[in-house]
Structure formats: structure tokens, C-alpha cells
Amino acid sequence: MELWTVGNKTILLLFVVIATYFTAAQPDPWIVLLFLIYSALNLMLHIVKGSRLKQGAIVLIELFLIGCAVYHPFFTLLLPFGCYELATFYPRKNGVVLLVILIPLIFLRDSMMVLYMFVAALSYFNYVLVRQYMGRIVRQEDENELIRKDMHRLARSLNENRDFARASEYMVKLEERSRLTQQIHDGIGHAMTGALIQMEATKRLLHSDPHTAESLLQNAIGISKEAIEEIRVTLKNNKPPVEQLGLSRLKTAVEAFSGKTGMMTSVVHDGNMEIITPLQWKIIYENVTEALTNSAKYSGATSAHVEIRVLNRFIKAVVSDNGQGSSKIVKGLGLIGMEERTASVNGTVIADGSQGFTVTTLIPYGRE
Amino acid sequence: MNVLDIRGLTKKFGEFVAVDNMSLTVREGEIFGFLGANGAGKSTTINMVSSLLRPSSGEIRILDRDITKQSRFAKLNLGIVPQDLAIYEDMTAYENVSFFAGLYGLRGTQLKERTEEALEFVGLSDKAKSLPKNFSGGMKRRLNIACAIAHKPKLIIMDEPTVGIDPQSRNYILTSVRNLNESGCTIIYTSHYMEEVEEICSRIAIVDHGKIIAEGTKEQLKSTITDVKDIRIEVKSAQPAAAGVLKAIPGVRTVLQEENVIRIHSDAAVDNLNRILKQLMDDGMEIRSVEEKEPNLETVFLTLTGRNLRD
């Protein structure tokens with residue numbers, strides 16, 4: 001804004017200087033002096049701080065110009081600009097400004113009047129437009145700032161989510177590991193110790209009593225075989241199911257929701273959960289929690305039911321409540337968000353309000 | 001060639017979204033089924049295709065030409081059999097058909113020929129001089145069809161043409177749909193009667209809440225929920241060895257034998273019932289009853305949406 005004012009003012013001043021130079025019969029040192037004083041006052045305007053002082057400076061300039069105008073009419077051309085500058089301190093007073101800058105017209109004659117009108121109108125138009133655009137830019141910058149903050153917040157919550165997922169994964173691993181250690185210690189460890197003792201005894205009896213030694217050795221072999229079998233079984237049982245993380249995370253979230261809102265919830269699943277990829281789990285998780293939040297907010301329902309089914313070509317996730325439903329569904333941001341998320345994996349979301357409210361997420365998946 | 005191309009079609013009535021970003025393609029020579037519950041957005045879509053409603057957004061092309069830019073071309077190639085009867089009760093059947101064909105620019109002998117042809121096609125030639133107000137519901141429906149086909153459109157859209165008519169007229173209409181298709185027409189058939197759609201359509205789209213939730217041949221649609229069919233055969237006296245032999249038949253997954261009942265799980269995609277029965281008969285078993293439980297489109301719809309087609 002400032003650069004624009006300075007530029008315009010300079011152009012206007014140059015015009016006035018040149019105009020006075022050509023109209024005057026001979027050079028007038030007084031006029032030069034007045035121009036210089038005018039420039040100095042303008043410089044001062046940019047040096048002083050605080051809106052009071054600035055306004056004072058502008059009023060001073062205007063008074064000075066009026067004084068000059070008595071000496072040479074061309075100085076009136078510089079008047080409107082000061083008015084605009086003053087007006088920037090009082091937004092929404094454009095009409096008043098227009099009236100004020102028309103006052104000098106009373107004192108002007110003929111070509112001077114036309115010139116003044118031209119300059120005043122042109123700069124008024126300029127000024128109004130610039131003010132508007134500046135306002136718009138400021139608003140947009142504010143908005144940008146808000147969006148930036150929002151993005152920052154979302155990125156942070158994303159990170160937290162990721163951290164949470166990582167942490168829970170780690171917890172599961174730890175639990176798994178401790179269980180495994182316990183099992184190895186209880187079963188296999190004891191068995192191996194038993195076998196070892198028997199083999200030690202065999203070593204001692206090998207020469208004195210070969211018969212007993214043989215039976216002891218046979219024992220040790222038997223125990224070792226069992227232990228190996230146990231290792232196999234333990235390892236097989238402990239192979240962690242891939243789907244557990246996704247499903248248990250969903251169940252935890254649904255239970256947490258139930259605790260927070262007091263709504264009854266249930267989660268059932270059916271079909272081969274293993275084929276659901278982490279990305280699909282993420283979408284299902286987000287859609288389910290979003291739908292539950294909507295239920296709690298709008299439906300007046302007392303219970304909500306979550307169902308995950310893996311069909312032959314589709315994964316289906318349903319959230320249904322026993323609330324009031326809605327005969328004509330108006331899509332809010334939540335539903336649109338779900339649709340967009342789901343569309344990213346070629347899926348669809350159906351919202352139905354005929355019996356309670358039901359949100360169904362259908363995600364196709366490839367077999368073969 | 002694609003007879004109908006719909007891209008991102010959306011229709012909003014105020015805040016309510018009746019058709020939601022729908023995209024679909026109907027190829028030449030298809031009988032394309034549009035299956036959905038009442039209020040799913042079928043008729044709204046059809047009204048947009050026939051330029052009765054202006055889409056909120058999206059694009060519709062008939063025979064590769066945009067219907068808003070070349071509306072005359074679109075109308076000449078399109079025949080609509082509306083859900084609500086569009087015939088004049090106090091004009092004869094002949095006059096009705098002739099009037100609608102005339103709207104499409106047919107004149108003179110051509111108009112006469114085409115009118116007679118259309119009446120012949122729907123089996124109303126002998127009623128040409130009668131007034132529709134004396135017709136049965138089924139005959140009115142047939143006349144309604146004749147009005148839509150006299151100008152020989154490439155694409156015919158039938159919006160619930162069998163609502164509220166007797167079984168005989170219904171069969172007649174289904175047969176004439178097939179005949180029309182064989183004579184080179186592409187047909188879009190909307191219905192909430194699953195059996196009809198399953199019977200005549202070569203490809204089907206299931207619509208719900210303005211969206212297409214699944215699309216394909218009926219076999220493909222059924223396979224979206226399961227690929228196993230359940231066959232239950234009751235025989236007079238079962239041979240103990242039956243199970244082993246049956247398992248060798250392609251498609252058969254498991255065979256369970258409980259006294260005189262043999263239960264077979266088989267791939268739904270494989271047509272093997274004949275071979276199974278033949279095998280049993282060759283083994284000297286007398287068959288008393290056969291029951292085949294296969295998912296139908298109704299179950300597909302129910303499984304995908306959790307609701308019945310006729311709610």
C-alpha cells in the first residue's frame with residue numbers, strides 16, 4: 001500500500017512540477033522552494049511513527065498545500081491525495097472522502113477546475129480499488145494462516161497416530177516375546193534339563209552298567225524328541241496373525257467410543273480378515289470412527305453396531321445405529337471425507353437413513 | 001462402440017443428492033439392467049439421459065455424441081418407455097403410435113409402415129382401431145412400448161415396464177425385449193424385480209443411493225459375495241462310495257453324505273450339476289430331489305447394502 005501511495009504521489013508531483021514549469025512565463029524560485037518544502041513534509045510523514053502523528057503530519061501537509069494553492073492554483077492538484085491518505089485511517093468512509101475532495105472545486109475556475117476534477121476522480125477510483133484489493137489480500141493471508149495452522153495440527157495428529165500405531169505394535173511384540181520366553185522356559189527348558197541329567201547319568205553308567213545306561217539314553221532321546229515337537233508346536237502357535245493388529249485397534253477404538261458416549265456398541269467380523277491390507281484397515285478404521293462420531297452427535301441412538309465382513313470380492317464395513325435416521329440425507333463434510341478416502345481404493349460409501357442410520361463402506365479387492 | 005457413456009453424473013435437488021457422481025458405459029447390443037430399490041436414483045438417471053432433467057454436473061454421451069450439444073441426434077436415437085404410461089386414452093392404438101412416431105419426424109408411407117410394424121411387434125395389430133381406455137394394463141404397457149420404438153432408435157430405455165401387469169403380458173414384454181435386442185437394439189432395462197433383470201440382462205448395475213455399488217454380468221455380481229454353490233441331492237439308496245467319485249468332478253469342493261442326502265459344495269462358476277446327476281445315476285442311485293442354493297441378485301443386494309430390494 002505504501003509503495004503504491006509513494007509512487008502515485010511522485011507521478012502526480014512530477015506532473016505538477018512540469019505543468020507549473022511550462023505555464024510559468026519565467027522560473028519562479030518561490031515555487032521551487034514550496035515544492036521542496038512539500039517533499040520534505042512528505043519525507044517527514046514517512047519518518048514519524050504512530051497513527052496520531054502520521055495523521056497530524058498529513059493535516060499539516062494539507063494545510064500547507066492550501067496555503068500554496070493561494071500562491072499557485074496547481075498546488076490544489078496535490079490536495080486529493082492527502083485526503084485519501086487520511087482516509088486510510090478511517091475505513092468505510094469513502095463517501096465522506098469524495099465530498100471533502102470536491103470542496104476545492106468551489107474555488108477553481110475553467111481549465112483548472114476540469115484538471116482538478118480529472119485528477120481527483122482518477123485517484124479516487126484508484127484508491128477505492130486498491131483499498132478493496134488490499135482488504136481481500138489481507139483476508140486471504142489470514143485464511144492462509146488458518147489453513148497453515150490447520151495443516152500443522154493435522155500433520156501433528158497424523159504423526160501421533162503413527163506413533164501410536166508404532167507403539168502399540170511394539171507393545172504387542174513385547175507381550176508376544178515375554179509369552180514366548182515363558183513358554184520356552186516352562187516347557188522346552190525343563191525338558192532339555194531332564195534330558196541332560198539323564199545323559200550325564202548314562203555317561204557314568206556306560207561301562208559299569210551298559211543295560212541301565214541304554215534305557216536311560218533311550219529316555220533322553222524320548223524327551224528330546226518331545227521337546228523338538230513342542231518347539232515346533234510353540235512356534236506354530238506363536239506365529240502372529242497379521243489381521244490382529246487392525247481388528248484389535250478397531251475394537252479398542254469402538255470400546256473407547258462406547259466408554260466416552262455411553263452408547264452400547266458391538267463389533268462382529270466374518271470372513272478371512274487376513275486379506276485386508278494395512279491401507280484398507282486405515283480407511284475402515286477412519287470411516288468407522290467417523291460414522292460412530294456422527295451417530296453420537298446427530299442420531300440420538302443408544303446403541304451402535306459395527307460389522308466387518310470379507311466377501312468374495314468386497315470388504316464390507318458397516319456402522320449402524322438405532323437412532324432416528326433421516327429420510328433425506330444431506331451430505332456433510334464427514335460423509336464427503338469418507339467418500340473421498342474410500343474412493344482412493346476404488347470403494348464406495350452408502351449412507352442410508354431408512355432404519356436408524358447406516359453407513360456402509362464397500363471396498364473391492366482382487367483375488368487370483 | 002459405446003451406445004451410452006455417462007461420466008460423473010450428479011443430480012441434486014436442493015441439498016439432496018439423488019444421483020451421486022455416477023459413471024457407466026453401455027455397449028452396443030447389450031441388455032443393460034439397472035437394478036435398485038425404489039428411490040435409488042434409477043428414474044432420475046434415465047430422465048437425465050432423455051433430457052427431461054438437466055444434470056447438476058457430469059456428461060452424458062449417446063453414440064459418442066454429447067446430448068446437450070447434439071440434442072436432436074440424441075433424441076432421434078433414443079426411445080423411452082416411461083414408467084408412467086404415456087398414451088392418449090381417447091385416441092386409437094394406431095393413432096397413438098402414429099402420433100409419437102410423427103414427433104420424431106416420420107411422414108407419409110414411412111410413418112404408416114413403421115406404425116404398423118411397431119403395433120405388430122407388440123402384438124396389437126388386431127387392436128389398432130381400438131381405444132386404449134378399454135385395454136388391460138398389460139396391453140397399455142405394450143402400446144406404450146410401441147410408441148417408443150416406431151422410430152427405430154438405437155437405444156431403448158425401459159423404465160419399470162412390467163409394473164402392475166399380469167404374468168402373461170409380462171412374459172410377452174420380456175420376449176419382445178429380447179426380440180428387440182436381437183434386431184439390433186441396445187436396451188437399458190430398469191426394474192426392482194430381481195428375477196426379470198436376472199433373466200434377460202447381459203450386464204447389470206446395482207444402484208443404491210444414487211451410486212453404482214457393483215456392476216457386471218450376473219455371474220460376476222454373484223461372485224462378489226461368494227463363489228460357492230450348495231447342492232443338496234436326495235437319493236433313494238445311497239452307495240457309500242459315492243463321495244469319492246463325485247469329488248473328481250470339476251468344480252466340486254466337498255461332498256458330505258448323510259444317509260440318503262448328499263450335500264455338495266461346488267464352484268458356482270462351473271456348470272456341473274448334469275455331470276453330478278449323471279454320475280449318481282450311473283452308480284445306480286435313484287434321484288428323488290435336487291435343490292441348488294445359489295446366491296441370487298437379491299442376496300447380492302442384501303449382502304452389499306444390508307437392505308432388501310423391496311423395502
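This talk covers the interface between chain B and chain A, and then a surface patch on chain A.

The model is predicted, so local features need pLDDT of at least 70 and side-chain atom pairs count only at pLDDT 80 or more, while totals for chains, interfaces and linings use all residues. Residues are numbered from 1 along each chain as written, chains are lettered from A in the order written, and side-chain values use heavy atoms, without hydrogens and water.

First, the interface. Chain B brings 22 residues to the contact and chain A brings 21, where contact means heavy atoms within 4.5 Å. About 1,700 Å² is buried between the two chains, 53% of it on carbon and sulfur atoms. Buried area here is the accessible area (1.4 Å probe) lost on putting the two parts together, summed over both. On the chain B side, Phe16(B), Lys211(B) and Leu304(B) supply 28% of the area buried against chain A, more than any other three residues.

Lys211(B) pairs with Glu339(A) in a salt bridge, at 2.5 Å from N to O. On chain B, the elements giving two or more residues to this side are strands S2 (16–27) and S10 (211–216) and helices H8 (218–225) and H11 (297–305). These are DSSP runs numbered from the N terminus: helices (H or I) of at least four residues, strands (E) of at least two.

Last, the patch. Which residues form a nonpolar patch on the surface? They are Leu14(A), Val17(A), Ile18(A), Tyr21(A) and Phe22(A), with about 550 Å² of accessible area together. Accessible areas are Shrake-Rupley values with a 1.4 Å probe, and for residues only the protein chains shown count as cover. Patch residues have over 30% relative accessible area and no salt bridge, with nonpolar side chains joined within 5 Å and like charges within 9 Å. Leu14(A) lies in helix H1 (residues 2–23) of chain A.

Notes:
Salt bridge = Lys/Arg side-chain N within 4 Å of Asp/Glu carboxyl O.
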